[in-house]
Amino acid sequence: MTVLEPDTQSSAPPAPGGSTAASSSSWVSELEHEVGDLPLSTRLSIADALTLGNAICGFMAVYFTTTGVLVPHLMGTSDGAMSKHSAANAVTLMLLASVFDLFDGLVARKLRSSAMGAELDNLSDLISFGLAPAYFVVVWGLISDDAHGKVAALAAVMVVLAVVLRLARFSCTTLRDGVFQGMPSPFGAMTVVSLVLLELPFIPTVIGIVGVAWLMVSRVEYPKPRGRLALITFGWTLVSMACLAAWTLGVPGGHALLQAGCALQCIAAGVIPCFATTRRVNTIRANRREARAGVAR
């Protein structure tokens, strides 16, 4: 911040009985004037506040995974209830981060976003949908009986790299309106976590995690969650949170409900690319047929 040159009155020796207060008041008014002149690029909007909420949720997910799952396991004080509760808290926070990510875009389109809104969004997504799920995979590889820590860490690295590459590509490429190229990082993060919570054997789980990382950097087109699709996405997130709560509280059938929700998430992650690829192939074939028909005429 540039300090304004004080005027002659404020630079003069303070007179007894209140000149110091007058000098302080002068400096306060100057600082307030400078704050009012801050560039628009440094002022946060409502959408930016939601984006920061996304980042906070991602960090707290890492916190709960560490303090409630990893540390008790390393100290030998872990029990099933503590690990279940903390794991559910971590996943719930990642789901809440996806809600913030959903609404910050909607709010930015309806109101406004600051000049650094896109950068804030990318950095927050990296924390919540790159670091948090990858760290979840690392901890799973350390505490599970049939898991291999180094292999799980390698799969986690691939998830982080996929999110980094995806966000970088999103920042420097322009696509047609209404679609993403590659699996959106919130959807990918939830799929990675669902694969872990399904409690499948280690090798199929790692293969699934690597597959999700590949889908995030693929060229498969995914629709953006707008309008009805945004409502469906929000509703599915609430249902997922309810499944986690039922599992944590030990509700009868809560574990089966959680497994069903994770399975549906994984099925959707596999089915959507198939539909998108089939539609793209059909579009290409139709365009070729039209081109051939035009040449024949």
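User: How do you know that the span of helix H6 agrees with its number of residues?

Analyst: In this predicted model, helix H6 covers residues 149-172, which is 24 residues. The expected span is 1.5 Å times one less than the number of residues, so H6 should span 34 Å. Its end C-alpha atoms lie 35 Å apart, which agrees.

User: Which residues of H6 are buried, and what do they pack against?

Analyst: The buried residues are Ala152, Ala155, Ala156, Val159, Ala162, Val163, Arg166, Leu167 and Arg169. They pack against helix H5 (117-143), strand E1 (179-181), helix H7 (185-197) and helix H8 (202-216).

User: Why is Phe275 called exposed?

Analyst: Exposed means over 50% relative accessible area. Phe275 has 63%, so Phe275 is exposed. This residue is found in helix H10.

User: What makes the nonpolar surface patch that includes Phe275?

Analyst: Trp236, Val239, Leu264, Ile267, Val271 and Phe275 make the patch, which is about 560 Å². Helix H9 (228-248) and helix H10 (254-296) each supply at least two of its residues. H10 gives the most, with 4 residues.

User: How many helices and strands does the chain have, and what is their order?

Analyst: There are 10 helices and 2 strands. From the N terminus on, the order is α-α-α-α-α-α-β-α-α-β-α-α.

Technical notes. Residues are numbered from 1 along each chain as its sequence is written. This is a predicted model: local features need pLDDT of at least 70, side-chain atom pairs count only at pLDDT 80 or more; totals for chains, interfaces and linings use all residues. Side-chain values use heavy atoms; hydrogens and water are left out. Patches are made of residues with over 30% relative accessible area and no salt bridge: like charges are joined within 9 Å, nonpolar side chains (Val, Leu, Ile, Met, Phe, Trp, Tyr) within 5 Å. Accessible areas come from the Shrake-Rupley method with a 1.4 Å probe; for residues, only the protein chains shown count as cover. A salt bridge is a side-chain nitrogen of Lys or Arg within 4 Å of a carboxyl oxygen of Asp or Glu. Buried means under 20% relative accessible area, exposed over 50%, partly exposed in between (1.4 Å probe, protein chains only). Contact means heavy atoms within 4.5 Å.
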